[in-house]
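Hi,

Here is the structure I promised to pass on. Please have a look at it first, and then read my notes below.

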2 protein chains.
Amino acid sequence: MKKVGVAILGLGVVGGGTYKILAEHKEFYKSNHNLDITVEGVLEKNRGRAIALGIDESKIAESIAEICSNPEVDIVVEVMGGVEPAKSFVLAALNAGKSVVTSNKELYCKYSHELEKAAKKNHCGLFYEASCVGGVPIIRALTDNLQGNRILSMLGIINGTTNYILTKMSNGGASYGEVLDEAKRLGYAEADPSSDVDGYDAAYKLSILSSLAFHTKVPYTEIYREGISEISPLDIAYGKQLGYVLKLLAIGKNTAKGIEVRVHPAFIKAEHPLASVNDSFNAVYLTGDSVEDVMLYGRGAGAKPTGSAIVGDIIYCATHSNFVYSPFENTEKAAPSTKFIKNFESAYYLRIVAADKAGVLSKVTSVFGKLGISMSQIIQEKENSDGAVPLVVITHETYESNINKAVAEINSAAEIAKVAAVIRVVT
Amino acid sequence: MKKVGVAILGLGVVGGGTYKILAEHKEFYKSNHNLDITVEGVLEKNRGRAIALGIDESKIAESIAEICSNPEVDIVVEVMGGVEPAKSFVLAALNAGKSVVTSNKELYCKYSHELEKAAKKNHCGLFYEASCVGGVPIIRALTDNLQGNRILSMLGIINGTTNYILTKMSNGGASYGEVLDEAKRLGYAEADPSSDVDGYDAAYKLSILSSLAFHTKVPYTEIYREGISEISPLDIAYGKQLGYVLKLLAIGKNTAKGIEVRVHPAFIKAEHPLASVNDSFNAVYLTGDSVEDVMLYGRGAGAKPTGSAIVGDIIYCATHSNFVYSPFENTEKAAPSTKFIKNFESAYYLRIVAADKAGVLSKVTSVFGKLGISMSQIIQEKENSDGAVPLVVITHETYESNINKAVAEINSAAEIAKVAAVIRVVT
């Protein structure tokens with residue numbers, strides 16, 4: 001029986017979930033993994049939280065130094081979130097010879113190069129499965145299963161809050177603001193929801209995942225990012241009518257032209273496996289040059305699903321030689337040879353509001369014709385009660401710059417028509 | 001740059017796919033994994049196959065002994081299928097100090113205890129991700145990601161041939177025989193399809209997966225097995241009307257009562273993520289006590305998807321210390337303490353053909369009432385042209401033994417009614 005001492009930094013949702021899983025499975029891990037895993041220390045300002053979990057007061061450390069100098073601690077679990085003090089604490093643990101397991105996507109996304117260097121220098125393990133998509137086993141799939149592939153593309157629903165909001169908006173027709181308020185009440189969204197709804201959380205995860213998938217550092221600063229706060233239930237309804245579901249997608253592509261990484265709301269065909277990933281479920285849909293299509297689906301957040309990923313890393317760390325394996329040179333910035341595509345190609349959904357029916361269609365078709373944009377689907381409704389004529393168009397693939405030009409040109413004749421919504425469409 | 005020498009035993013579909021992936025990605029693996037992977041030998045009776053792949057004749061070995069004594073070979077890939085000579089060849093390779101990567105589900109299912117022992121004795125790696133569900137990263141998910149969970153249940157569509165046949169039958173209404181013939185013509189089914197259509201292939205995989213999931217050896221001989229050859233398009237159509245899709249499911253459950261493992265056709269609700277896993281796609285849907293629901297989806301077979309899993313294992317083996325890690329005592333038989341449940345509980349679909357409408361429903365309800373079986377859905381059709389009255393019933397959960405009694409009792413009054421089909425329903 002191998003004794004494994006764990007320290008947990010932060011007893012929030014994930015820290016508490018991790019502690020409970022370890023406590024409830026103590027005998028299970030002894031009999032099935034030959035591991036006696038004990039939480040030897042916690043670092044948490046709110047002592048009440050620790051006591052409520054049943055943690056003995058003697059295990060509540062006063063400082064990171066106390067954790068680092070505790071010879072009973074083998075593995076430090078960092079589940080505090082944010083960059084500081086998490087970063088200093090993780091570096092201190094690694095420099096004290098402790099292996100680290102983290103769920104901190106912002107920290108890992110921004111400073112993996114520093115953490116990895118410290119782990120290698122100190123011959124410690126550094127594991128971060130829990131940093132991306134909760135209980136979905138995506139990191140190890142990329143590093144240990146699909147690493148023989150050129151990953152061509154990655155489509156992910158990797159933020160639970162926004163997927164919950166968009167699912168509710170799709171089902172009930174409520175507005176973004178109404179559903180967000182409900183999500184806050186139910187604890188699915190934070191008081192300040194901007195990290196989720198503005199796409200930062202998804203961008204951090206996409207940076208980590210696309211770096212692994214494309215074998216090169218993809219800094220999050222290279223990711224085009226757009227949130228869901230401008231989405232109207234009207235557009236969700238028109239999309240549905242045309243056979244599409246709206247999702248906040250994290251998209252990564254790797255082609256001969258370069259790497260394309262973006263997080264934004266997008267319509268996806270109702271038959272696509274990602275379209276039925278609802279509520280707080282998450283999924284990543286990958287296409288590799290050998291494996292073809294693979295989808296990994298599960299809970300992207302939550303105490304126990306994310307705790308499951310943490311504990312998986314603890315057991316892996318305890319049963320394998322300490323190991324940091326990067327399929328790419330982990331640097332702060334992208335390699336100079338890496339090319340990022342900013343003017344990407346996509347299909348687009350446009351909702352145009354017009355005063356005059358005959359005029360608007362001819363205006364739009366003439367603008368599209370001039371720019372070489374072709375249309376695949378059109379809905380032209382009868383006049384509204386307010387005299388406006390909604391025209392909904394889905395285009396074939398074109399360049400983002402082209403669509404921007406088309407929108408500007410249509411809007412320049414604002415007395416005829418105005419573009420009320422532009423949403424990218426995944427084909 | 002680390003040099004890695006590989007030998008491939010068998011150049012069939014998977015062996016050929018593996019060779020092609022390695023050849024096409026040689027520079028990619030050098031630059032991204034710092035590995036120079038070379039195929040140093042192949043063992044294949046059909047020399048023409050090797051030559052057609054572009055393999056130099058000098059690399060075609062005459063015997064397994066030649067592979068084993070070749071100091072350039074580090075990893076032996078066994079993709080021959082079947083028990084012998086694959087088993088002797090794998091043991092010879094391990095005993096010669098070579099690590100082994102295999103896609104052979106029958107061999108691994110039946111003899112993993114012997115292979116694992118030889119690997120440990122010789123300090124070699126033994127990897128078998130490709131043995132189950134092709135490119136879907138399910139083995140490592142169980143051993144390295146979800147190993148901190150008590151896995152409560154596993155539902156899998158893990159055979160491509162039967163899923164192709166059932167998808168075609170569901171879409172077109174053709175008979176089993178017609179679709180099987182078409183599948184043979186297209187190469188989706190073998191000339192002798194019994195390993196697939198009778199559920200053996202799925203049972204081998206379920207044995208491997210449930211042993212890992214439940215942390216105890218689950219011999220394939222404990223798995224209840226029933227194939228798809230008796231399935232009629234009529235039952236698929238009635239199921240559809242009731243909101244179900246028919247799949248060949250591999251089911252594993254682990255409850256306080258014991259372990260339940262079975263492979264058989266089953267109706268699953270149309271909204272379940274597995275219901276839309278079509279054609280030759282496969283998926284495994286797991287529920288763990290911490291991670292909750294997880295689904296892994298992808299190509300369950302084929303040259304490149306399975307080759308992707310093989311190459312993933314080769315790179316893992318070359319970049320990690322040789323390692324055999326079992327989350328359970330790998331023995332030939334189940335541990336004496338393991339209890340298997342044979343008389344399992346399920347909901348059931350019954351199609352009853354009757355001569356007389358009033359009589360049959362009262363007969364069925366009286367039999368069901370006596371046995372405590374309750375009904376959740378009923379379709380009673382008008383008299384057929386041949387005077388028969390089809391009655392379709394879906395029951396609530398009951399014991400298999402109870403349904404067998406009910407069927408026997410209904411059939412005992414064959415002049416009134418006859419049970420034409422019994423299909424389990426996953427609720």
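Below is what I found, starting with how the model is described.

This is a predicted model, in which local features need pLDDT of at least 70 and side-chain atom pairs count only at pLDDT 80 or more, while totals for chains, interfaces and linings use all residues. Residues are numbered from 1 along each chain as its sequence is written, chains are lettered from A and ligands numbered from 1 in the order in which they are written, and side-chain values use heavy atoms, leaving out hydrogens and water.

How do the two chains relate? A rotation of 180° with 0.0 Å of shift along its axis places chain A on chain B, with an RMSD of 0.0 Å (least squares on the C-alpha atoms of residues with pLDDT of at least 70 in both). That is the relation of a two-fold axis. In chain A, the residue closest to this axis is A:Leu296, at 2.4 Å for its C-alpha.

Now to a helix pair in chain B. Helix α7 (residues 138-145) and helix α11 (residues 200-214) of chain B pack at about 15°, their axes 9 Å apart (helices being DSSP runs of H or I, at least four residues; axes being lines fitted to C-alpha atoms over the stretch in contact, with angles from 0 to 180 degrees between N-to-C directions). That makes α7(B) roughly parallel to α11(B) (angles under 35 degrees). B:Ile138, B:Ile139, B:Leu142 and B:Thr143 in α7(B) meet B:Ile208, B:Leu209, B:Leu212 and B:Ala213 in α11(B) (contact means heavy atoms within 4.5 Å).

Finally, B:Ser401 lies in helix α15 (residues 400-412) of chain B, and B:Ser401 is 10 residues from B:Leu391 in sequence but 22 Å away in space, C-alpha to C-alpha.

Enjoy exploring!

Definitions and conventions
Helices (H or I, at least four residues) and strands (E, at least two) are DSSP runs, numbered from the N terminus. Angles under 35 degrees count as roughly parallel, over 145 as roughly antiparallel, 65 to 115 as roughly perpendicular and the rest as oblique.
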